[in-house]
Amino acid sequence: MSDQRVRSVVVVGGGTAGWMTAAALAKTLSAQGLKITLVESEAIGTVGVGEATIPPILTFNAMLGIDEPTFMRATKASFKLGIEFVDWGAVGETYHHPFGTFGLDLEGIKFHQVWRKFADLAGPIGDYNLTEAAARRWRFALPDPDPSKVMSSLRYAYHFDAGLYARFLRGFSEQRGVVRIEGRIGRVDQNAGTGFVEAVVLEDGRRVEGDFFVDCTGFRGLVIGQALKVPYQDWGRWLPNNRAVAIGCQLGGDGLTPFTRATAREGGWQWRIPLQHRIGNGYVYSSHHVDDQRALDTLLANLDGAPTDEPNFLRFTPGRRERAWEKNVCSIGLSAGFIEPLESTSIHMIQAGVTKLLALFPRNGVDPLEIDEYNRLTAEQVDRIRDFVILHFHATRRDDTDYWRYLSSMTVPDSLARRMELFAHRGRWFPSEYDLFHEPNWLAVLLGQGIVPEEWDPLVDSLPEDQVRQRLSHLSALIARTAEAMPDHAEFVARYCGAP
Ligand code: FAD
């Protein structure tokens, strides 16, 4: 362990990652005398995308003590109940990946096993998930805290304007003592002996010293990559998408849906994320299969309203840093890695990074064992997410373009191949402690893309058929009734986020 006590932290970069990190550090550690400085450059700006989240974001905001309607007003947010996937299994097919679970286990037997046996009369499995039932009806209500109520099973996250979220967290952080320095960093100074970072030096010569640095410089990876030379694993062979073009448009078409829409295209997929004031859209694509102009034309031809800004072209390499934390530098956000935006996991990985950093915060100097643990946990978590994202591209019957032919026939990581096979055979799915996406998430995508288990658990045959039928029809009716009784999502948002 180094004997250097950590009294000051420099957060390098002020995008979503930088301000989420600064806010969490300020909330938890500034009272103990930790000095927090954040350096960002308006001239460089932020990546400018990242608008869909997953339910754990509620825990992050709650940890900060943020009032939900205030946050939603400030970030122009809407509620997200899941993702609608269009044309993924095959052109013309649509399914939902909702948050929340499907049905209730019967006599200790997994619900999906029961559903599989009775699939012909049970209807779609989505009829047994309240969150999906609400999403399909474009309805929303807050979950009931009483676990005996069916409304307690509703799960949600948000769509929000990431730039406004960063601004909101900046206000939060500055009020709690974080010092912001505006300027462009030109150099990173390291100790000649240990290689530890001592300061970042701005182009105008100002030197910002610290005991510990959090690299939030986005794809540049200014400290972790350029200075410390930590290698980056490239996952392009499984995730060929390496470009995106994003643009906002006026609210139109389906309006304020309580779900993200992900539509598969010839060489990638398009997102539609409704906010209170506009719709965020983007086409994520593989440059090996589609050129920039064609991607832009496709995007512009598939907007719900007139564009509200100029197209923003982005390039990325899907993958992750070999080690997210090296010496006295922890990378969080895009500098640590980026899978691709399909399942909205990037902001979550910021949250997961900050949470782990807080748990292992090196008050008394960095400890190689703790660094190792941080890196091991991060790698395991990201690798499990990677498998889940690859599943969407690989489990397809599409063969209409080279892109889809490549994806459906490529060799996938062994960890994914095993899960797919176990499920296809008898609907088995075994958890790993690092999973962010659990059985219901995998069920939604596997079944949604046409992988139906060949057999069901033989234990299902021990259940009396009449009773099972009765319970299935009771449950789907209860869920449908509950969803119908919820208010319209757009109306709910207007009321909830209206003037305080
Ligand atoms: P950035 O936003 O790039 O911020 C980098 C910061 O570093 C900036 O403040 C910049 O000024 C500063 N900086 C860099 N170099 C210097 C320098 N030399 N001197 C001073 N400052 C410097 N995530 C989700 O969770 N959901 C989504 O729906 C989603 N969609 C996405 C779609 C696309 C196409 C892409 C590419 C990403 C998406 N993401 C999404 C990821 C999400 O955008 C990022 O995780 C999030 O915005 C965090 O970015 P960041 O803060 O790491 O980097």
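A polar contact is a pair of N or O atoms within 3.5 Å; inside a protein, one atom must be able to donate a hydrogen and the other to accept it, and residues adjacent in sequence count only if both atoms are side-chain atoms. Keep that in mind for T308, where a polar atom of the side chain lies 3.5 Å from the backbone nitrogen of C249.

Before going on, a word on what you're looking at. This is a predicted model, in which local features need pLDDT of at least 70 and side-chain atom pairs count only at pLDDT 80 or more, while totals for chains, interfaces and linings use all residues. Residues are numbered from 1 along each chain as its sequence is written, and side-chain values use heavy atoms, with hydrogens and water left out.

Let's stay with T308 for a moment. You'll find T308 in the loop between α9 (292-300) and β17 (312-315); helices (H or I, at least four residues) and strands (E, at least two) are DSSP runs, numbered from the N terminus. T308 has a relative accessibility of 42%, so it counts as partly exposed (buried is under 20%, exposed is over 50%, and partly exposed is in between, with a 1.4 Å probe and protein chains only). Setting aside neighbours within four places in sequence, T308 is in contact with G248, C249, Q250 and R278, where contact means heavy atoms within 4.5 Å.

Now zoom out to the whole chain. The domain assignment gives domain 1 (8-77 + 160-236 + 318-384), domain 2 (101-154 + 397-484) and domain 3 (243-315); the bounds come from an automatic or database domain assignment. Between the centres of domain 1 and domain 3 there are 27 Å, taken over C-alpha atoms. Their contact takes 14 residues from domain 1 and 15 residues from domain 3.

Next comes the ligand. Which domains each give at least three residues to the shell around the ligand? They are domain 1 and domain 3. There are 35 residues around the ligand, and V49, A52, I185, S346 and I347 come nearest (a residue is near if one of its heavy atoms lies within 4 Å). The shell divides into 17 nonpolar, 14 polar and 4 charged residues. Here Ala, Val, Leu, Ile, Met, Phe, Trp, Tyr, Cys and Pro count as nonpolar, Asp, Glu, Lys and Arg as charged, and the others, Gly among them, as polar.

Look at the atoms themselves. A nitrogen atom of the ligand lies 2.7 Å from a backbone N or O atom of A52, and an oxygen atom of the ligand is 3.0 Å from a polar backbone atom of S41. The side chain of S346 has an N or O atom 2.7 Å from an oxygen atom of the ligand. Taken alone, the ligand exposes 1000 Å², and the protein buries 97% of that (accessible areas come from the Shrake-Rupley method with a 1.4 Å probe; for residues, only the protein chains shown count as cover).

Among the elements, α10 gives the most to this shell, with 3 residues. H348 lies in that helix, α10, and counts as buried because its relative accessibility is 13%. Apart from neighbours within four places in sequence, H348 is in contact with I54, P56 and L436.

One last stop is D457, in the loop between α14 (439-448) and α15 (465-484). With a relative accessible area of 10%, D457 is buried. The side chain of D457 reaches the backbone nitrogen of L459 at 2.9 Å. Beyond neighbours within four places in sequence, D457 is in contact with Q113 and R428.
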